[in-house]
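Colleague: Please take a close look at one part of this model and tell me what can be said about it.

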Amino acid sequence: MIKIITVIIAVLLIGFIAWWFFGKREQKEVDATMNDNMQKVTVTVDGGYSPNTVVLKKDVPAEVIFDRKDPSNCLEKVVFEDFGINQFLPEKQKTAIKIDTSKAGEYNYACGMNMFHGKVIVK
Amino acid sequence: MSYTKRFWLSLIMSIPMMIQMIGMLFNWMMPGHNWIAFIATTIIMIFGAFPFWKSGWAAFKNHNANMDTLIAIGTAVAYFYSVFAMFTHRAVFFESAAFITVFVLLGQVLEEKMRNNASSAVEKLLDLQVKDAEVLRNNEFVKVPLEEIKIGDMVRVKPGEKVAVDGEISEGSSTIDESMVTGESMPVTKSMGDKVIGSTINKNGTFVFKVEKIGSETMLSQIVELVKKAQTSHAPIQKLTDKISNIFVPAVLIIAIVTFIVWYVLVGDTFVNALLYATSVIVIACPCALGLATPTAIMVGTARSAKMGVLIKNGEVLEVINDVKTVVFDKTGTITEGIPKVTNVDGDEKEVLTVAASLEAVSEHPLALAITKKAKELAIKTQSVEGFTAIEGKGVRATVAGQEIIVGNNKLIENYQITDEMKKQMNTWQAEAKTVVLVGKAQKIIGLIAIQDAPKKNAFKAMNALKKRDLQPVMLTGDNQLVADAIGQEVGISQVIADVLPQDKADQISSLQAQNKVAFVGDGINDAPALSTADVGIAMGSGTDIAIESGGIVLVQNDLMGVVRAIDMSKKTFNRIKLNLFWALIYNVIGIPVAAGLFSVWGITLSPELAGLAMAFSSISVVGSSLLLNKTKIADD
């Protein structure tokens with residue numbers, strides 16, 4: 001009897017893992033706020049990047065501020081492949097990264113090992 | 001708390017459990033060992049493992065999973081089960097939770113050190129910059145901080161000092177060690193009119209130079225910028241790993257659950273054993289090794305190349321160059337020096353050159369420049385000339401010391417006597433694709449000068465090295481077939497495509513591409529279309545002006561061996577990436593089944609703590625393997 005219950009729990013658990021990690025989820029987009037001719041947006045680094053996608057206006061100087069709360073060195077660096085940025089984020093600190101907004105487009109970024117992903121959209 | 005502190009604390013707290021483990025071999029039990037293990041492990045969990053739990057949970061909330069997720073689950077299962085077991089008087093596994101933490105932290109500490117090693121090389125380049133320099137202000141040289149130096153400033157550099165920024169020497173001369181920027185190990189002699197590069201070291205002379213580039217415009221900053229971009233770039237081969245790592249951790253969790261069910265329900269093993277197998281699976285799986293395999297190799301490879309004066313733009317170039325079978329070279333300025341030079345003199349060398357140089361000193365023809373340069377090298381003094389006239393399409397005529405002299409081509413000889421030997425010599429040189437200049441004095445031809453845009457010193461060596469690597473060198477030129485063949489023969493290129501108009505170079509590349517992948521080597525200024533058409537464009541710089549925009553690979557030095565080095569380094573780096581990926585995959589492919597107890601019938605099993613050790617060293621080994629790229633042998637380095 002206990003074995004049957006175990007199997008049922010296991011199957012439910014597997015189903016939950018698949019649904020939780022592989023299920024399609026809507027990405028929330030967050031716009032940057034204007035401040036003294038500069039657009040700024042804060043991304044919290046804690047088990048990923050939230051908000052995951054930020055939107056910047058074209059041709060306005062922009063800064064994405066990464067607020068690293070996560071102690072894991074998995075997230076200690078943020079890499080923007082398109083801009084050649086490989087920035088170390090000190091723990092419990094905010095690190096501002098200037099983004100070149102002269103060209104519209106979607107710029108993906110990731111952690112140093114390419115496990116966590118985020119996106120900056122310039123439009 | 002830093003990883004290092006967490007590691008040491010966890011290690012110290014795990015000592016009693018280590019003693020207990022050794023004691024067990026001699027059937028000795030520490031009094032109150034369960035309680036000691038419980039307290040020690042609890043401390044390890046709070047300080048060593050809790051940050052993993054925190055990160056793992058944060059990632060989980062974001063629907064992400066990573067290495068921390070696995071370690072968190074692994075340690076939490078072992079720890080909380082043991083707490084439960086202790087109070088219900090069953091066997092406990094505190095040491096598993098403790099040792100997994102210790103080993104994983106050890107791995108993290110070592111890995112972090114090595115990763116910093118791998119990535120800091122480029123930043124160090126910028127540290128080469130000086131903080132201040134002596135700048136001319138109000139007719140006096142005063143020390144000025146680097147940031148205040150402006151374009152057009154005059155900067156004085158004393159022996160042993162570093163050149164602050166890029167510019168052109170206006171006064172004085174010296175030898176300069178440029179190895180830190182160009183990779184060229186021999187110091188270069190520079191005098192008025194020569195360009196100097198910021199951060200290079202002035203050896204023996206004092207000179208003044210006019211500032212031409214500052215800040216982010218300097219060659220060093222540009223190189224650093226380019227290498228930084230290269231280091232963050234991805235190689236196409238990574239797409240596979242990205243796909244795997246996206247599903248890796250959840251997949252491992254599912255495998256662990258299946259492992260548990262198989263052992264507990266199907267095989268009928270005890271709950272505890274099934275749990276240990278599942279824990280081992282979770283702990284041994286290592287997404288980090290996969291994630292680190294490519295970036296660390298690209299980092300080390302591009303940084304090492306940069307030190308050799310080879311700038312590789314991105315990971316894609318590294319990968320494509322592996323399939324290149326044909327290397328096409330532009331002739332003028334790439335295989336050859338690009339400047340005509342006197343190669344041979346027939347007749348009395350001194351007299352011939354004196355006469356020729358005296359006359360050509362007033363001319364501005366490229367061939368004239370070659371002659372005056374040669375005369376200068378041999379310290380030949382020119383004489384003053386009178387009645388200088390140019391004979392259209394033939395040469396020049398003047399009077400020196402009362403005698404009529406001429407310098408020109410063979411159309412001039414109609415009125416002059418020439419010996420048969422000289423005629424023969426002239427024909428031989430012409431067959432070698434050299435331009436022959438005749439020098440006449442008093443109605444007699446007194447000598448011949450052969451001029452040629454000669455191949456670079458190590459062109460032959462470089463072609464040979466390419467052929468040894470099974471690469472077919474091809475020469476592309478606008479020159480006529482005769483000249484092109486002669487140069488081709490001299491440097492060892494059998495496939496010569498001559499009479500190509502500049503605008504048709506790219507088309508020639510495309511037609512070669514029909515057979516296999518092609519790399520094109522050009523000077524980056526005139527050859528931009530061909531450079532971008534080729535699968536890999538290799539732009540050759542000459543000193544300060546490196547055409548960074550064109551080409552996937554930029555050679556800082558104007559040296560053909562750089563092509564060989566670029567190819568070597570790219571291949572080595574890409575092979576390292578493949579090796580790393582293979583190792584990271586095979587480690588997981590073998591490690592997970594072993595941890596799951598698939599081979600337990602043959603007695604091969606892994607306890608969770610050994611799984612932790614294996615996992616720690618798998619990622620260290622990948623980073624270490626990348627760092628070994630710093631030690632591999634490269635042509636001429």
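Into which domains is chain B divided?

Modeller: The model is predicted. Chain B is divided into domain 1 (3–124), domain 2 (132–163 + 166–213), domain 3 (315–336 + 456–551) and domain 4 (341–452). Between the C-alpha centres of domain 1 and domain 2 of chain B there are 56 Å.

Asp499(B) has 11 other C-beta atoms within 10 Å, and because a residue with 12 or fewer counts as exposed, Asp499(B) is exposed. Apart from neighbours within four places in sequence, the contacts of Asp499(B) are Gly478(B), Asn480(B) and Gln481(B). For Gly478(B), the separation from Asp499(B) is 21 residues in sequence, while their C-alpha atoms are 4.4 Å apart in space.

As for the other chain, 31 residues of chain A are in contact with 39 residues of chain B. Helix α1(A) provides the largest share, 10 residues. Sorted by class, this side of chain A has 16 nonpolar, 10 polar and 5 charged residues.

Key. Residues numbered from 1 in each chain as written. Chains lettered and ligands numbered in written order. Predicted model: local features only at pLDDT ≥ 70, side-chain atom pairs only at ≥ 80, totals over all residues. Contact = placed C-beta atoms within 7 Å. Helix = DSSP H or I, 4+ residues; strand = E, 2+ residues; numbered from the N terminus. Nonpolar A, V, L, I, M, F, W, Y, C, P; charged D, E, K, R; others polar. Buried ≥ 20, exposed ≤ 12 C-beta atoms within 10 Å, placed from the backbone. Domains from an automatic or database assignment.
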